[in-house]
Amino acid sequence: MRTTLKNILEINKNDFKSVFSNPIVVITLIGIIVLPSLYAVLNIQACWDPYGNTGDLDFAIANIDNGSTIDGVDVNVGNEVVDELKNNDDFNWKFVSEEELRTGVEDGTYYAGIVIPKNFSENIGSIMTNNPHSAELEYVHNEKTNPVASKLSDSGAKAVYNKINAKVVQIINLAALDKLSELQSGLSQGAGQLSSGAVKIQSGASQVSSGSSKVSSGVDNVKSGASKVKSGASEVSSGSSKISSGASQVSKGSQDVSSSADKISQGAGQVESGAAQLDSIDTSQIPSAEVQTVVQGSKSLANSSSSLARSSSSLAQGSSKLANSSVGLAQGADALAKGSSKVANGSTQLADGSVELANGALSLAAGSQLLADNSAYALYAAASSLSLASSSLSDVTGVDDDKIGDYIYSPVKLNENELNPISNYGSEVSPFYIVLSIWVGALISCVMLKPGYASNTKYTPTELYFGKLALFLVVSILQATVTITGCFLLGIDVDNPLMFIVSTYIISIVFMVIIYSIIASLGDVGKAITIIFLVLQISGTGGIYPIQLMHPFFQTLYPYLPMTYGIMMLRESLLGMIWSNYLPAMASLIVYGVVFLLIAVAVKIRFDKRTHYFEERLNDSGLF
């Protein structure tokens, strides 16, 4: 053990003696020490505030808007946008013709441009018509010019787009506010009219109430009259029965009279015939005067009987006609009696209906009064609501137009609450570039300085490994010192200076151990491995872009890469210390260094001669 330690110290002494005995070596080492810090400082400075310098990017605007009339007001939204952009220094706005814009973007004179078309204001004003449609802007950009500039110009286009949208919303909402003023006036008038209508309805309700009392009195009269109608209907029905009975008797008597009239007419005919025969006797031929007298008297009697018979026949015929007429009269009386009975029944129903109608009229009167009262209440309530709405709208419509215009232009303001605020973009990316420069510095050191092999020497692989490691660790500490100094001179944000210094030294030492161990164990193959390691860590450690945006392959590698934990340590110490994040990252990085050291010693002991042989064969080729 004592011999091993002695040999290690001897190797250290020889290495440092070689350094200071040759000025060229000193200069080379100075370059190795300073170069990584320059890599970090220059990259951080280049990224210091890229978004704050967009004012130097040429962004073209071609306004050919002809303007329009919106709600009786002449408006040219394109001119308003141009006026606002002239006071905006986010980009170097160039106001050119459409042809100049297209040519300039094509040849790279402008990074991008926006064309405001002729009908832009007209399309915006279409919101006031029955055919509203969107207004369009043309964004012209040339992505081949520069990848970052194209993204920045995209932001510029969105800024113009947002300004125009906000302006349009302001115009439309101010017009809507004018309509609200008209609505407020209409509501106020409507409230007064409803209140007046309610008064009239209440007056009508009083009249309905008075009429309701009269209807109630009339209902009593209708009920009394209905009782009398029912009583008269009963008497009519009784008389109708008697008339029907008398009509039957008249009809029977009529038949008897007709039969007797026929017999009288027949007897009268016989009397007349006998009288005619008697009258035909010539009395002059009768010898006896007495007989002549008798005959003459008989003829006179016969003539009188004939006259009587004729009168009796006429009487009989008249009686027969009278009897027949009596039958018709009896039948008519019977029909009249039956009709009177129906009239009586109808009168009874009419009386009942009149009572129901009277009751309905009474209910209608009561319902009308209730309806009138409710209608008046509803109108008063509606008038009150309209009046309240009118008052509420007056609070809005009475606001100053300039104030409401500013509100509509930007109704929501974002109050930013920054945790661990950072003054510039360079400080944000500094953890990544510092850690990357430390890895590059360790890689350059191990490539430029030979770790050495135990073959053909008195030293064991372990002695040679630890003996050479000291020089590399000193170089790593000096590299870290220069880098720390450069960062402080540059003025990056440092939340915890002490932990920043400690972290940088730890990261530099661990990275040197890892790279030294790989190259010392595997030679040129180890150099290739450390370069591959570098490439993977540039994208797989989340130094610039969130690891969640990377390919799943890099997301899988993320927790296994040493630079991941170095970036975490510097991010915490530089931008805001959270110990629960810092300590696990530091422990993980130290574990990485110890594991690589142990693996390197094991590999060095077992494969040192083979690695040395491999290196000699590469040197013999003259290519390496």
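A salt bridge is a side-chain nitrogen of Lys or Arg within 4 Å of a carboxyl oxygen of Asp or Glu. In this predicted model, E98, R102 and E138 are linked in a network of such salt bridges, and the count under that rule comes to 2. Local features need pLDDT of at least 70 in this predicted model, and side-chain atom pairs count only at pLDDT 80 or more, while totals for chains, interfaces and linings use all residues. Residues are numbered from 1 along each chain as its sequence is written, and side-chain values use heavy atoms, with hydrogens and water left out.

**The salt-bridge network**

- E98 forms a salt bridge with R102, with 2.8 Å between the closest N and O atoms.
- Both E98 and R102 lie in helix α4, 4 residues apart, about one turn of the helix; helices (H or I, at least four residues) and strands (E, at least two) are DSSP runs, numbered from the N terminus.
- R102 also forms a salt bridge with E138, where the closest N and O atoms are 2.6 Å apart.
- This second pair links distant parts of the chain, R102 being in helix α4 and E138 in strand β6 (residues 138-141), 36 residues apart.

**Exposure of the network residues**

- E98 counts as partly exposed because its relative accessibility is 28%, where buried means under 20% relative accessible area, exposed over 50%, and partly exposed in between (1.4 Å probe, protein chains only).
- R102 is partly exposed at 32% relative accessibility.
- E138 is partly exposed at 34% relative accessibility.

**E100 in helix α4**

- E100 is found in helix α4, which covers residues 98-107.
- E100 is partly exposed, with a relative accessible area of 45%.
- A polar atom of the E100 side chain lies 3.1 Å from the backbone nitrogen of S97; a polar contact is a pair of N or O atoms within 3.5 Å, and within protein one must be able to donate a hydrogen and the other to accept it, with residues adjacent in sequence counting only if both atoms are side-chain atoms.
- The C-alpha atoms of E100 and A62 are separated by 8.4 Å, although these residues are 38 apart along the chain.

**Cysteines and disulfides**

- A search of the whole structure finds 0 disulfides, a disulfide being a pair of cysteine sulfur atoms within 2.5 Å.
- C446 is buried, with a relative accessible area of 1%.
- C487 is buried, with a relative accessible area of 1%.
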